[in-house]
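Please find below a colleague's note on the structure that follows.

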Amino acid sequence: MPRLPGLLCLFLTVLCLKACAESTEPVRRIHTAFSESSGLTVVDGLGNTQQLTEGSLAAEAIVSSDGRWILVEDMQMSNLVVVRTFKLTRDGYREVSTPDLRQHWLQLAEDAGLTFEDLEHTRVGAEGFGPFDETVMLHFQADSGLVNSPVIDALVEVELSTNVE
Amino acid sequence: MARVNLTRTLQKEYAELYKTLDVNPAQFDAVDLAIDKIVAQQPRYEAVGQLVNAPWYFIAAIHNMESSLNFSRHLHNGDPLSERTRHVPADRPVNGHPPFTWEESAADALALRKIDRVTDWNLERTLYELEAYNGWGYRLFHQHVKSPYVWSFSNHYSRGKYVADGTWSDTAVSRQCGAAVLIKRLEQRGDIDVLGGHTILTEIPFRLAGEVIEYGEDLQRFLNTFPGISLRVDGWPGAKTSDAVKRMFGFYLKGDPRIGDA
């Protein structure tokens, strides 16, 4: 019995140390670059390079404050930009399946009196991460491509998934 | 994305598609509505054309395809002109200070895509640059569908496009007028003159003695659509007309005595 509080203390100490270690995890220093031939690449502090996208007309990366998340504005066609999300894993950055752009587009199109397939000039931009980097504000823009078309111009907060593809 | 070269085969394809292009009758009114708005703003497109050395109707077609003729947004991506672009491509235009005029923004967007480096704006090259501007996804990955960016609202396109989340749909139908359709309709209404490209141009003869030929006036009107060229439209394809052809397309008119000079 007298040893139980000691074990409990030890256990709690380990938990505290683990939590402290996580909270003081150094911010991951990375930088990104884009070229038409190489796509979007990310380079970490050790000089390791990873290609995130290819085949884009242009791409911009927005990195979370701790470096765990990268949002990529991926210009796949001149009039079509999607946002892709990458999460840091032991094997480098891996694309995750959220945000579910289609569901948001469906709702926004319906609200504007359009169908999903009517949408033209569809562009999603990342406005920034939420306070704990678990959500992101996305800017959706589109119209129907016709003169005097209804316009979609909406900011939507989207949760980031941990579901690595 | 892999680049597609403008080969002779591709030139022939563009020329043939343009020659056989018919505007879908059900969409005629929508096309003409867009044309009316474009022609009303022709001086603005010409101003950008002077900056990037491109014909005004090419810029108008891009403007329609990228932002439904909205002059309050960057041509790059639809961001507001009150500041540099925030989204991809970000921090454009590089030069100048916000707020930007639409003309400044458009010239930067076109130069970013190297449009200002194009020198021979014949019909085939124009159609090629339009398709290239949008990206080669249709031609590389969905050959059974002619790019709606160029051919929508015509007999050359019925369905199939990339939808909002970047996936491909075989059933989705483009709701906007393709760029080639706009240009063809501008030509049909007499707002521009677009010749059939090198095939015809190379056959137009040089004339020394003020002799008017059948396509002479058409040629001169066409050449006058390029920045920096101002020919008298008299139907006589003499030295000045031949100079203009040389400047824009790299060769003199057939029979020009200067052919072969170093």
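1. A residue is termed buried if 20 or more other C-beta atoms lie within 10 Å of its own, exposed if 12 or fewer do, and partly exposed in between, with C-beta atoms placed from the backbone.

2. The model is predicted: local features need pLDDT of at least 70, side-chain atom pairs count only at pLDDT 80 or more, and totals for chains, interfaces and linings use all residues. Residues are numbered from 1 along each chain as its sequence is written, while chains are lettered from A and ligands numbered from 1 in the order in which they are written. The pLDDT is the predictor's confidence in each residue, from 0 to 100. For chain B its mean is 91, and 96% of the residues of chain B reach 70 or more. The predictor assigns the complex an ipTM of 0.79 and a pTM of 0.78. Where pLDDT is low, the predicted coordinates should not be read in detail.

3. Helices (H or I, at least four residues) and strands (E, at least two) are DSSP runs, numbered from the N terminus. Chain A contains two helices and ten strands, and its pattern along the sequence is α-β-β-β-β-β-β-β-α-β-β-β. Two residues are in contact if their C-beta atoms, placed from the backbone, lie within 7 Å. Of the contacts in chain A with a separation of 6 or more, 39% are between residues 24 or more positions apart.

4. Strands are taken to pair if DSSP finds at least two bridges between them. Chain A has an open sheet of three strands in the order 1-2-3, with antiparallel pairing. Its edge strands, each pairing on one side only, are strand 1 (30–35) and strand 3 (49–51) of chain A. Strand 1 and strand 2 (residues 39–44) of chain A run antiparallel and are joined by six bridges. His31(A) has Val43(A), in strand 2 of chain A, as its bridge partner.

5. At the interface, 30 residues of chain B are in contact with 35 residues of chain A. Helix 2 (28–40), helix 4 (56–67) and helix 6 (123–134) of chain B are the elements that give two or more residues to the chain B side. Helix 2 of chain B provides the largest share of that side, four residues. Ala, Val, Leu, Ile, Met, Phe, Trp, Tyr, Cys and Pro count as nonpolar, Asp, Glu, Lys and Arg as charged, and the others, Gly among them, as polar. By these classes, the side of chain B that touches chain A has 14 nonpolar, eleven polar and five charged residues.

6. Chain B is divided into domain 1 (8–186) and domain 2 (202–249), with bounds that come from an automatic or database domain assignment. The C-alpha centres of these domains of chain B lie 28 Å apart. Eight residues from domain 1 of chain B and five residues from domain 2 of chain B take part in the contact.

7. Asp91(B), in the loop between helix 4 and helix 5 of chain B, has a positive phi of about 65° although it is not a glycine. Asp91(B) counts as exposed because it has 10 C-beta neighbours inside 10 Å.

8. His121(A), in strand 8 (residues 120–129) of chain A, has a positive phi of about 50° although it is not a glycine. His121(A) counts as buried because it has 26 C-beta neighbours inside 10 Å.
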